[in-house]
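Reader: Hi! I'd like a close look at one part of this structure, and I'm new to this, so please take me through it step by step.

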Amino acid sequence: MLRFGIISTAKIAQDHVILAIQDAQNCVVSAIASRDHAKARAVAERFSVPHAFGSYEEMLASDVIDAVYIPLPTAQHVEWTIKAADAGKHVLCEKPIALKAEEIDTLIAARDRNGVIVSEAFMVTYSPVWAKVKELLASGAIGTLKHVQGAFSYFNRDPGNMRNIPELGGGALPDIGVYPTIVTRFATGAEPKRVQATVERDREFGTDIYSSVRADFGGFELSFYLATQLAARQLMVFHGTDGYIEVKSPFNANRWGAEEVELTNQAHNQSQVFRFQDSRQYKLEAEAFARAVTGEGKVVTLENSRKNQLFIDAIYRAAEKDGWETV
């Protein structure tokens with residue numbers, strides 16, 4: 001059993017990840033750390049976790065954990081990933097693991113010098129929903145892929161929310177822009193060559209709140225928009241010469257809607273719906289990570305994360321110019 005320590009009492013940890021790790025077959029939550037010991041103890045008691053620490057450093061120095069899950073504000077991900085790796089702990093860090101591609105080079109160095117597993121928590125890559133999309137594309141179910149369309153939006157103008165605070169790594173692209181990019185790369189196995197983009201920033205917060213992106217993958221294009229101040233929407237469609245694939249709940253599986261993949265033929269007179277009942281993508285992520293620690297499984301590598309962040313970095317650059325920007 002891989003013993004996890006949770007760095008912070010963040011909402012995503014309490015709402016999704018702690019329970020997922022506890023339900024996993026090969027790992028367990030052994031400790032909670034917070035800068036406020038009372039908070040750590042309260043969360044530990046809530047989830048029947050045996051150990052609570054009043055500092056992150058104290059937990060990293062302990063021998064009651066083998067790995068850490070990091071759901072801190074984005075701007076702190078690189079710092080604490082390196083500290084955890086240097087403490088000899090394996091690291092599962094929330095996305096985005098960094099705000100610039102070059103920062104990931106320092107994480108690769110920390111991983112390699114300590115001989116630990118470090119992975120960005122892209123739970124979608126462990127979902128049977130996206131495994132099915134990848135399988136359908138590889139089998140030629142829609143012929144030649146020509147276009148991928150995506151959307152991800154929600155409405156949040158809370159000035160105290162980290163997503164609206166630039167110093168904490170806020171913004172739509174770091175928070176949700178990484179999803180259309182990672183799932184397209186995962187499902188197709190292709191990499192973007194160049195991008196065009198429009199990015200709008202909030203006048204009060206300074207964070208990017210809307211992006212419209214067009215990416216050239218060589219054989220096909222990806223176009224998507226995302227926003228943090230629009231009505232909630234999630235969409236991913238893969239359109240080919242012989243049909244198209246629509247992912248009904250592409251990112252927040254089950255919580256957003258039905259976990260379904262619909263394959264429609266060229267004439268639009270026949271479709272197949274593939275349903276996945278409560279696939280628990282966070283649980284699958286934890287189990288895959290624990291297997292990777294024993295050398296028996298695969299996770300999102302830092303090299304993969306670096307490629308995804310290069311994509312995001314290029315979108316920001318493209319927004320500052322007319323025409324194409326090389327990824």
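Is Arg111 buried or exposed, and why?

Author: Good place to start, and keep in mind that this is a predicted model. Arg111 is buried, because its relative accessible area is 15%, and the cut-off for buried is under 20%. You'll find Arg111 in helix α5, which covers residues 101-114. Leaving aside residues up to four places away in sequence, Arg111 touches Val116, Val118, Leu302 and Glu303.

Helices α5 and α9 pack at an angle of about 170°, and their axes are 9 Å apart. An angle over 145 counts as roughly antiparallel, so α5 is roughly antiparallel to α9. On the α5 side, the contact is made by Ala101, Ile104, Asp105, Leu107, Ile108 and Arg111. From α9 come Leu302, Glu303, Ser305, Arg306, Gln309, Leu310 and Asp313. Sort the residues of this contact and you get six nonpolar, two polar and five charged.

Now step out to the sheet. Nine strands form an open, mixed sheet in the order β14-β13-β12-β11-β7-β10-β9-β8-β15. Its edge strands are β14 (271-275) and β15 (325-326), each pairing on one side only. Strand β13 (residues 260-265) runs antiparallel to β14, and five bridges join the two. In one of these pairings, Val261 has Phe274 of β14 as its bridge partner. Back to our helix partner: α9 (residues 302-318) packs on the sheet, where it touches β8, β9, β10 and β15. The direction of α9 makes about 65° with that of β8.

Terms used. Residues are numbered from 1 along each chain as its sequence is written. This is a predicted model: local features need pLDDT of at least 70, side-chain atom pairs count only at pLDDT 80 or more; totals for chains, interfaces and linings use all residues. Side-chain values use heavy atoms; hydrogens and water are left out. Helices (H or I, at least four residues) and strands (E, at least two) are DSSP runs, numbered from the N terminus. Buried means under 20% relative accessible area, exposed over 50%, partly exposed in between (1.4 Å probe, protein chains only). Contact means heavy atoms within 4.5 Å. Two strands pair if DSSP finds at least two bridges between them. Axes are lines fitted to C-alpha atoms, for helices over the stretch in contact, and angles run from 0 to 180 degrees between N-to-C directions. Angles under 35 degrees count as roughly parallel, over 145 as roughly antiparallel, 65 to 115 as roughly perpendicular and the rest as oblique. Ala, Val, Leu, Ile, Met, Phe, Trp, Tyr, Cys and Pro count as nonpolar, Asp, Glu, Lys and Arg as charged, and the others, Gly among them, as polar.
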